[in-house]
Amino acid sequence: MKLHWSPRSPFVRKVMVAAHELGIVDRIECVRSVAAMMTPHAELMKDNPLSKIPAMTLDDGTPLFDSRVICEYFDTTYGPKLFPSEPKARFLALRRQALGDGMLDFSVLWRGELMRGERKSDQLIASFTARRAACLAALEREADALHHGPFTIGHIALGCALSYFDFRFADLPWRDGHPRLTQWHATFAMRPSAKATEAVDDS
Ligand SMILES: N[C@@H](CCC(=O)N[C@@H](CS)C(=O)NCC(=O)O)C(=O)O
């Protein structure tokens with residue numbers, strides 16, 4: 001399997017954490033790909049017309065994207081482990097994945113907005129700030145529950161989203177006022193799959 005990969009992308013990290021959890025990393029050929037919103041990537045677009053990573057091509061040429069689809073493909077083919085089948089547990093895991101992915105979506109946009117310097121929109125930044133606060137408050141309420149039950153795709157998405165704050169917003173004191181979430185995130189960060197996939201800024 002060929003994976004358009006970057007050590008900076010939190011969505012690629014989701015896929016790689018899942019691959020480590022399932023013990024299939026050796027089956028993946030990682031191709032360093034640079035995806036940038038302002039610059040469509042012609043080679044990447046042959047495999048994903050959205051010009052986004054992660055994007056995967058199976059050995060028979062089948063394209064797979066985005067991170068949700070790739071993770072579920074891994075689990076269906078080499079699991080099941082990360083996507084529970086029992087409906088209540090499944091939708092809990094999927095809802096957590098949606099929250100983690102959504103946090104990443106606005107965090108990536110937020111970083112892009114900050115990089116616009118003086119042209120950044122204060123209204124947009126205020127909107128992202130409010131969403132981040134609401135997400136952290138919701139997760140603090142849920143943090144104890146995250147320790148119970150199986151480790152799922154929901155945990156992977158949330159762990160990657162919180163770690164992205166540390167990677168790209170190093171001065172952001174997101175742990176303040178969220179002691180339970182801080183504790184849960186520490187358990188995520190200690191997993192071998194998380195350690196093996198820590199983000200690196202190779203630019
Ligand atoms: N929903 C997608 C989001 C992927 C995504 O936004 N990837 C970023 C890199 S972290 C990207 O490719 N950005 C380039 C662009 O938006 O053009 C997923 O879950 O894989």
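Guide: Start with arginine 68: an N or O atom in its side chain is 3.4 Å from a nitrogen atom of the ligand. Bear in mind that this is a predicted model. Aspartate 66 also brings a polar side-chain atom to a ligand nitrogen, here at 2.9 Å. Isoleucine 53 does it with its backbone instead, where an N or O atom lies 2.8 Å from a nitrogen atom of the ligand. On its own the ligand has 510 Å² of accessible area, and the protein covers 87% of that. In total, 13 residues surround the ligand, and the closest are Ser9, Lys52, Ile53, Asp66 and Ser67.

Let's stay with Ser67 for a moment. Serine 67 sits in helix α3, which runs over 67–78. Its relative accessible area is 2%, so serine 67 counts as buried. Its side chain also has a partner within the protein: a polar contact of 2.9 Å links it to the side chain of lysine 14.

Now back to isoleucine 53, and to the backbone around it. The peptide bond from isoleucine 53 to proline 54 is cis, with omega near 5°. Proline 54 belongs to the loop between α2 (42–47) and β3 (55–57). Serine 51 is in the loop between α2 and β3 too, and its phi is near 60°, a positive value in a residue that isn't glycine. With a relative accessible area of 9%, serine 51 is buried.

Glycine 79 and proline 80 are joined by a cis peptide bond, with omega about 5°. Proline 80 lies in the loop between α3 (67–78) and α4 (87–114).

Searching the whole structure turns up zero disulfides. For cysteine 71, the closest cysteine sulfur is in cysteine 160, and at 8.5 Å it is too far for a bond. Cysteine 71 is buried as well, with a relative accessible area of 0%. Cysteine 135 is in no disulfide either: its nearest cysteine sulfur, again that of cysteine 160, is 15 Å away. At 13% relative accessibility, cysteine 135 also counts as buried.

Last stop, the aromatics. The structure holds nine aromatic pairs. Take phenylalanine 165 and tryptophan 174: their ring centres are 6.5 Å apart and their planes meet at 50°, so this pair is tilted. Stacked would need planes under 30 degrees apart, and edge-to-face over 60. Both partners are tucked away from the probe: phenylalanine 165 is buried at a relative accessible area of 0%, and tryptophan 174 is buried at 2%. They also belong to one aromatic cluster, formed by Phe106, Trp110, Phe128, Tyr164, Phe165, Phe167, Phe169 and Trp174. One more ring is worth a look, that of phenylalanine 151: arginine 191 lies over its face, at 3.5 Å from the ring centre.

Methods
Residues are numbered from 1 along each chain as its sequence is written. This is a predicted model: local features need pLDDT of at least 70, side-chain atom pairs count only at pLDDT 80 or more; totals for chains, interfaces and linings use all residues. Side-chain values use heavy atoms; hydrogens and water are left out. Rings of Phe, Tyr and Trp (its six-membered ring) pair if their centres lie within 6.5 Å; planes under 30 degrees apart count as stacked, over 60 as edge-to-face and the rest as tilted. Buried means under 20% relative accessible area, exposed over 50%, partly exposed in between (1.4 Å probe, protein chains only). A charge sits over a ring if NZ of Lys or CZ of Arg is within 6 Å of the ring centre and within 35 degrees of the ring normal. A disulfide is a pair of cysteine sulfur atoms within 2.5 Å. A residue is near a molecule or strand if one of its heavy atoms lies within 4 Å of it. A polar contact is a pair of N or O atoms within 3.5 Å; within protein, one must be able to donate a hydrogen and the other to accept it, and residues adjacent in sequence count only if both atoms are side-chain atoms. Accessible areas come from the Shrake-Rupley method with a 1.4 Å probe; for residues, only the protein chains shown count as cover. Helices (H or I, at least four residues) and strands (E, at least two) are DSSP runs, numbered from the N terminus.
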